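My entries follow in the order in which I made them.

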Amino acid sequence: MKTASKRAVLTVLVLLLAEAHISVAVTCSAIQLSPCLGAITSNSPPSTLCCSKIREQKPCLCQYLKNPNLRNYVNSPGAKKIARTCGVPYPKC
């Protein structure tokens, strides 16, 4: 295979991988964290679904912290407990 052909194949592969990465981007939606509400507002442990959602929404947590309507929930001791229990590092924004 010629060098130019190898580069062309490599370029196509990179573009395909980049497109695949874009298609799995997270949609930031605080409502996705509703399975965690009970654990945030009480001493109950987070459910498996809650942990799954908090991991999924991890890239959005700083955005939620900057939102005045969500800040108190995301910055609460209950939310920090959930992050710790679910193994999600609490964001430093």
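**Disulfide entries**

I looked up the link of Cys 51 and Cys 86 and found a torsion of about -70° about the S-S bond, so the disulfide is left-handed. Cys 51 lies in helix α3 and Cys 86 in helix α6, so the pair ties together parts that are 35 residues apart in sequence. Their sulfur atoms are 1.9 Å apart; a disulfide here is a pair of cysteine sulfur atoms within 2.5 Å. Helices are DSSP runs (H or I, at least four residues), numbered from the N terminus. I noted that Cys 51 and Cys 86 are both buried, where buried means under 20% relative accessible area, exposed over 50% and partly exposed in between, with a 1.4 Å probe and protein chains only.

I recorded the conditions: this is a predicted model in which local features need pLDDT of at least 70, side-chain atom pairs count only at pLDDT 80 or more, and totals for chains, interfaces and linings use all residues. Residues are numbered from 1 along each chain as its sequence is written, and side-chain values use heavy atoms, with hydrogens and water left out.

Next I turned to Cys 36, placed in the loop between α1 (3-23) and α2 (37-41). A disulfide joins Cys 36 to Cys 50, S to S 2.1 Å. This link is right-handed, with 110° about the S-S bond. The C-alpha atoms of the two residues are separated by 4.9 Å, although Cys 36 and Cys 50 are 14 residues apart along the chain. Cys 36 counts as buried because its relative accessibility is 1%. Leaving out residues up to four places away in sequence, Cys 36 touches Cys 50 and Ile 82 (contact means heavy atoms within 4.5 Å).

I then checked Cys 62 and Cys 93, which a disulfide joins with S to S 1.9 Å. The pair links helix α4 to the segment after α6, 31 residues apart. Cys 62 is partly exposed at 25% relative accessible area, whereas Cys 93 is exposed at 59%.

**Helix α3 and the overall pattern**

In α3 (residues 48-56) I found Cys 50, Cys 51, Lys 53 and Ile 54 buried. They cover an arc of only 165° around the axis, which puts them on the same side of α3; the arc is that of the directions from the helix axis to the C-beta atoms. Their cover includes α4 (61-66) and α6 (77-86).

Counting bonded cysteines along the chain, their pattern is 1-5, 2-3, 4-7, 6-8.

Methods: Helix = DSSP H or I, 4+ residues; strand = E, 2+ residues; numbered from the N terminus.
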